[in-house]
Amino acid sequence: MDLRQLRYFAAVARERNFTRAAESLHIAQPPLSRQIQLLEEELGVVLIIRKSRPIKLTDAGRLFYEQALQVLGRVDQMKDATRRVGMNRNRVLSVGFVASTLYGGLPSLIRKLRQNAPELDIQLLEMLSIQQIPALKEGRIDIGFGRLKHSDPNVVSTLMREERLVVALPEGTPLAQDDAPLPLAAVAGQKLIVYPKEPRPSYADQVLSLLQDEDIRPSEVLEVREIQTALGLVAADSGVCIIPSSARQMRSDVQYRLIDSPRAVSPVILYHRAGDASRHLDLVKRLIGDMYAEKPAWLEANNLRPPPSEGRRPNRA
């Protein structure tokens, strides 16, 4: 499989017609059909239903089309960014982040960064905490914001803050009748939804470890891929979910209650490569300090613990 085949398939899927796809690609139809056939043979599945007019994609074809568009889009971004750097137009700063940080200080930090370093081309890439560590070492991102502690000596972790956790509850259920802090023990016997399902370890393991340490046992544990799915299931009265407090902004059709336990927190961690002495990394750290010093409303509203003191040392744990 190569990028040419991905582009060929994407054109056919988009046009729903081999003839029009060949014309858009400026090639003859027979070699186009042959490349799609080779692609199907390599994958071992049928991607296109050719007998229908217009042609249709199979379930596997629709999945492959979505993934192909993501791959091709990322390749185009990579080419553009490389050209800009090579022509000294922009310095690219790739930032990895977990979804929940979008509801805390990340948007504010990125705005400040754009204002203070307009020459930067800032690329935001959503990825799980465990994915950010190899991405940093491989140079695919420059900094990351996640929630997972690690022991890799090549990546430095700086604890930014510890965020209190809340329980998301279906509206109308007994536990949702009050908005006072909820004892962690109240989760016992409940159907618990955790995320992400994979890869592991992840935030899901933080939640499960918290409950295990307190000898609290849910009636059932349902693992899903992302926080949006987890909260959607809560809204559908399919269970409860423990999330960072800032993520309460994601859905308004769910009741949230803070967990009344000093251990019910999740770290927000800044990752970067060991030995990185770039001025942009120093700028990011300074802007984070400035942002906390301003005591923004979201910091208090989301019941976040104060950030560590200015003299803190990077945490490699």
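Predicted model: local features only at pLDDT ≥ 70, side-chain atom pairs only at ≥ 80, totals over all residues.
Visitor: How many residues line the largest pocket, and which are closest to its centre?

Guide: The largest pocket holds about 500 Å³ of space. Its lining consists of 24 residues. The closest to the centre are Glu-126, Met-127, Leu-128, Pro-196 and Arg-225.

Visitor: Which helix gives the most to the lining of the largest pocket?

Guide: Helix 6 (129-137), helix 7 (203-213) and helix 8 (227-235) each supply at least two residues of that lining. By class, the lining residues divide into 13 nonpolar, 6 polar and 5 charged. The most, 3 residues, comes from helix 6.

Visitor: Is helix 5 oblique or roughly perpendicular to helix 9?

Guide: Helix 5 spans residues 106-116 and helix 9 spans residues 279-293. Their axes lie 10 Å apart, and the packing angle is about 125°. Angles of 65 to 115 degrees count as roughly perpendicular and those over 145 as roughly antiparallel. The angle of this pair therefore makes helix 5, relative to helix 9, oblique.

Visitor: Which residues of helix 9 make the contact with helix 5?

Guide: The crossing of helix 5 and helix 9 is right-handed. On the helix 5 side, the contact is made by Ser-108, Leu-109, Lys-112, Leu-113 and Asn-116. The residues of this contact divide into 7 nonpolar, 2 polar and 2 charged. From helix 9 come Leu-283, Val-284, Arg-286, Leu-287, Ile-288 and Met-291.

Visitor: How many residues in the contact of helix 1 with helix 3 are nonpolar?

Guide: Helix 1 contributes Arg-4, Gln-5, Tyr-8, Phe-9 and Val-12 to the contact. Helix 3 contributes Leu-32, Gln-35, Ile-36, Leu-38, Leu-39 and Glu-42. By class, 2 of the contact residues are polar, 2 are charged, and the nonpolar residues number 7.

Visitor: What is the volume of the largest cavity?

Guide: The structure holds 1 cavity of 30 Å³ or more. The lining of the largest cavity is made by Thr-101, Gly-105, Leu-106, Leu-109, Phe-145, Met-160, Arg-161, Val-268 and Met-291. The volume is about 60 Å³.

Visitor: How many charged residues are in the lining of the largest cavity?

Guide: Leu-109 and Met-291, both named in the helix 5 and helix 9 contact, are also among the residues that line the cavity. The lining divides into 6 nonpolar and 2 polar residues, and the number charged is 1.

Visitor: Where do Pro-199 and Pro-201 lie?

Guide: A cis peptide bond joins Glu-198 and Pro-199, with omega about -5°. The bond from Arg-200 to Pro-201 is cis too, with omega near 0°. Pro-199 sits in the loop between strand 7 (191-194) and helix 7. Pro-201 also lies in the loop between strand 7 and helix 7.

Visitor: What is the phi of His-26?

Guide: His-26 is found in the loop between helix 2 (18-25) and helix 3. Although His-26 is not a glycine, its phi is positive, at about 60°.

Notes:
Residues numbered from 1 in each chain as written. Heavy atoms only, no water. 1 Å grid on protein atoms, 1.4 Å probe; cavity = no way out; pocket = protein on both sides within 12 Å on 5 of 7 lines; lining within 4 Å. Points joined across faces, edges and corners; volume = space filled by probe spheres on them. Helix = DSSP H or I, 4+ residues; strand = E, 2+ residues; numbered from the N terminus. Nonpolar A, V, L, I, M, F, W, Y, C, P; charged D, E, K, R; others polar. Axes fitted to C-alpha atoms, helices over the stretch in contact; angles between N-to-C directions. Parallel < 35°, antiparallel > 145°, perpendicular 65-115°, else oblique. Left-handed = near helix turned anticlockwise from the far one by under 90°. Contact = heavy atoms within 4.5 Å.
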